[in-house]
Structures are given as C-alpha cells and as structure tokens.
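Subject: Structure handover

Hello,

Here is the structure for you to look through. My notes on what turned up follow below it.

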Amino acid sequence: MAMQRATGAMVRACASSFSSGYLARHFHASSGDTKKIVGVFYKANKYASKNPNFLGCVENALGIRDWLESQGHQYIVTDDKEGPNCELEKHIPDLHVLISTPFNPAYVTAERIKKAKNLQLLLRAGIGSDHIDLKAAAAAGLTVAEVTGSNVVSVAEDELMRILILMRNFVPGHQQIINGEWNVAGIAHRAYDLEGKTVGTVGAGRIGRLLLQRLKPFGHDRLQMEQELEEEIGAKHMENLNEMVTKCDVIVINTPLTEKTRGMFNKEMIGRMKKGVLIVNNARAAIMERQAVVEAAESGHIGGYSGDVWDPQPAPKDHPWRYMPNQAMTPHISGTTIDAQLRYAAGTKDMLDRFFKGEDFPAQNYIVKDGEIAPQYV
Ligand SMILES: NC(=O)c1ccc[n+]([C@@H]2O[C@H](COP(=O)([O-])OP(=O)(O)OC[C@H]3O[C@@H](n4cnc5c(N)ncnc54)[C@H](O)[C@@H]3O)[C@@H](O)[C@H]2O)c1
C-alpha cells in the first residue's frame, strides 16, 4: 500500500486575504432570537417511512423539526435547489441558517451569498464544503461548518467494496445473471485477487487511514515504510504523487476538492499510471478531468473506475461516466448509510444548539470561521 498526502503544512487563509470585503456578520443567535433555517436534502418519497432512522431525506429533515419549531424557529426543507425559480432561491434573501448535505448539494455561490443578507451559518450535514464559495463566505463573515468524521467509516467501507468489485470484474458478471447469460470466460479473463497488489490512497486523512487499516488483512508487497505507519497500517508514505501513481495497481482518491486538487487527475497524470489501473473516487468528481477519464476507460488504460461522486449532482442523464466501459458508478451514496445519517443528524443538531446558545462548535468542524478558511480547503 502507498499513500500520498499534501507536502508540508497547508497554508491558512487569513482574514487579511479578504480584508477589503471582510464583514463579520453577527454569528451567534442572541437568546430569544428566532431564526429561519432552510435545509436542502434529497427526497425519499415512498422510502421515507420505511425506516424510522432514515433521517437524511426531505421528509424526515434530520429529525429536528419538532425540536426547532418548539423553540419558535422556522424550518423549511426542500430538494429544489437549482435555477432562479427554485424553492431555495425564494428563501435566500431572509434565511439565517442553510443546512445542506453532499448528496443533493445546495450550491452556495458568491451571488447567493450576496443576496442572503441575513445569512450567518452554513452547515454541512456530512463532510465536504466544496459546494460553497468559501472565499466569498469568509469575506462575508459567515461561519461554515461540517460534521467532521460523521461518515468516514461509511466511506472507507464503501471504498473497500468498490476496490473488490473492480478487481473481481463483478459488475459484468452480475449483469450476465440478470440478462440470462452464463459466460465465465467473459468475466474471468480480467478478474484478480487483491492480495499482493499495490493500493495507493491520494490523501491519508480520516477516510484514507481507515481504508488503509481495512486493507491490511488482504496482504500486500511491503516496500520501504515509515516505522510508525508500518506498525499501524503497513503503508509507505510517498511525498511525490507523480512517482506514486506509477507503482499502484489501485488508486483511491481521498482528498478534499480544493483549488489545488481540482483537475489533479488530468490526461498527463492518468498517462503516468500503470496500464489497467483501477481507480476508486468517492472524494469529489472534479478532482478528475471528466473527459480524460472517459478516454482512458475507452482505451483500456484505466481498467476500472468506480465512485459515487459526480460533477454536477445529480448527474445529468447524458453524463459520459454513465456510459463509459468498465465502470461501477453509483449515485452519491457512500456517506449516507443509516448509521451515517444518525451521526450527521446528531452532529448538526448539536451545532444548531450551540449556535442558539452562543457556544463554539467542536474545533475540527469549522471550515470558515472569523474570515479564515480551514487549512484542508486552502
Ligand atoms: N462520497 C461521500 O459520501 C463522502 C463522504 C465524506 C467525505 N467525502 C470526501 O472525502 C474527502 C476527505 O474526507 P476526510 O474526512 O478523510 O478528510 P480529512 O480532512 O480527514 O483528510 C483529507 C486529507 O487529504 C489531504 N490532502 C489535501 N490536499 C491534498 C493534496 N493536494 N494532495 C494530497 N493530499 C491532500 C489532507 O492533508 C488530509 O490528510 C472530503 O473532503 C469529501 O470531499 C466523501
């Protein structure tokens, strides 16, 4: 296994970068203040009542409606988030708090921030705040926070599943069964064991490390490793991504989407990879160059691509990743298991409670605070 993380310390964007436009909006609710809170989630329709813990959908609204309304707050929930006439747009001018999930993200542009004169707090029920213009949020004095860690186990488990699905060429085998076919050779000619293969994670933060721990029992070729990590997960840390990608049979992306990682996997980077490389990307789609992935999948340079993230979301019907060969794509689902929903709903409620009481959030949850952007997004 190999992993790659950002070299050196990431720079903290400081308020001075925004000094010309920085306007601190009064953050905490003063006691007795009632707020307009808008939540953007995915609709569950007939599935909403199938599980009492299915909290992440529009219908169940994180399970916080009664709690919010009993304190006099207004709580509006929708999945309608795009275009000038959408439901979200109607509430932008007077909402105080906007909650969104990564699974049906409310894109918060500089233009929306400008219109949202009362906005104080942007909460991500989950992880990943790349849907927000963070510089504009910082300049406007908004607070942005996530439920850090809430679904990292869910994503790491899902990544392990995708690695195995690609390695075993599982999807075409499953399609054969549905289509009434039986063709062992059609699957077996490119199905492998995971044991002994080199797996690299680009980014070894919370999810990356959990994945490495879960890969350990599969066995792998040991390269030169850092002592502490060898003991913990048996991985070699590589500083140079260009070098790492040449060695890996499987590459898993586990970095946030930032200005530095956007388009990081372009034609050139993919060209450095081994022919037939398998790629798993549950991080963010825009880390990949869309067309470069399609062309490499078509030529066979990428032997398999699986992930749950798309740009934009929901993915349009004509998105080429739906139709490229050797893919095992799904909608954005890895971080929204029922277990994850319970954790991110509880974490969102906790932050709202602290907001109403004028208390700070857990430090690791802040993405933008007092005009500064957290280091992982700079
Ligand atoms: N698909 C899903 O449902 C889902 C759920 C949760 C998180 N995610 C995505 O996964 C990402 C990672 O989550 P996490 O909890 O592990 O975050 P984390 O902050 O714990 O870890 C991210 C790691 O990436 C590293 N990194 C940043 N820029 C890098 C670069 N240019 N090159 C190499 N490494 C770099 C950081 O140093 C850090 O170690 C999130 O930002 C989000 O986009 C997806």
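Two residues are in contact if their C-beta atoms, placed from the backbone, lie within 7 Å. By that criterion, among contacts in the chain between residues at least 6 apart in sequence, 70% link residues at least 24 apart. Please bear in mind that this is a predicted model.

Overall make-up. The chain has 378 residues, of which 42% count as buried. Its secondary structure amounts to 13 helices and 13 strands.

The sheet. An open sheet is built from 7 strands with mixed pairing, running in the order β3-β2-β4-β5-β6-β12-β13. At its edges are β3 (74-78) and β13 (372-373), each of which pairs on one side only. Further in, β5 (residues 121-124) and β6 (residues 143-146) are parallel partners, joined over 4 bridges. In this pair, Leu123 sits opposite Ala145 of β6.

The annotated site. The unreviewed UniProt entry carries a "binding site" annotation on Ile127 and Asn151. These positions span 25 residues in sequence, but no two of their C-alpha atoms are more than 7.4 Å apart, so they gather at one spot.

Ile127 lies in the loop between β5 and α4 (134-139). With 23 other C-beta atoms within 10 Å, Ile127 is buried, since the cut-off for that is 20 or more. Apart from residues up to four places away in sequence, Ile127 touches Glu146, Thr148, Ser150, Asn151 and Gly335.

Asn151 lies in the loop between β6 and α5 (152-167). Asn151 is buried as well, having 27 other C-beta atoms within 10 Å. Beyond its neighbours within four places in sequence, Asn151 is in contact with Gly126, Ile127, Gly335, Ala340, Arg343 and Tyr344.

The ligand shell. There are 32 residues around the ligand, and Gly128, Gly203, Gly205, Pro256 and Gly335 come nearest. The elements that supply two or more residues to this shell are α5 and α8 (206-215), and α8 gives the most, with 3 residues. By type, the shell residues divide into 12 nonpolar, 15 polar and 5 charged.

Regards

Notes. Residues are numbered from 1 along each chain as its sequence is written. This is a predicted model: local features need pLDDT of at least 70, side-chain atom pairs count only at pLDDT 80 or more; totals for chains, interfaces and linings use all residues. Two strands pair if DSSP finds at least two bridges between them. UniProt positions are given in the numbering used here, feature names are shortened, and annotations may be inferred rather than shown by experiment. A residue is buried if 20 or more other C-beta atoms lie within 10 Å of its own, exposed if 12 or fewer, and partly exposed in between; C-beta atoms are placed from the backbone. A residue is near a molecule or strand if its C-beta atom, placed from the backbone, lies within 6 Å of it. Ala, Val, Leu, Ile, Met, Phe, Trp, Tyr, Cys and Pro count as nonpolar, Asp, Glu, Lys and Arg as charged, and the others, Gly among them, as polar.
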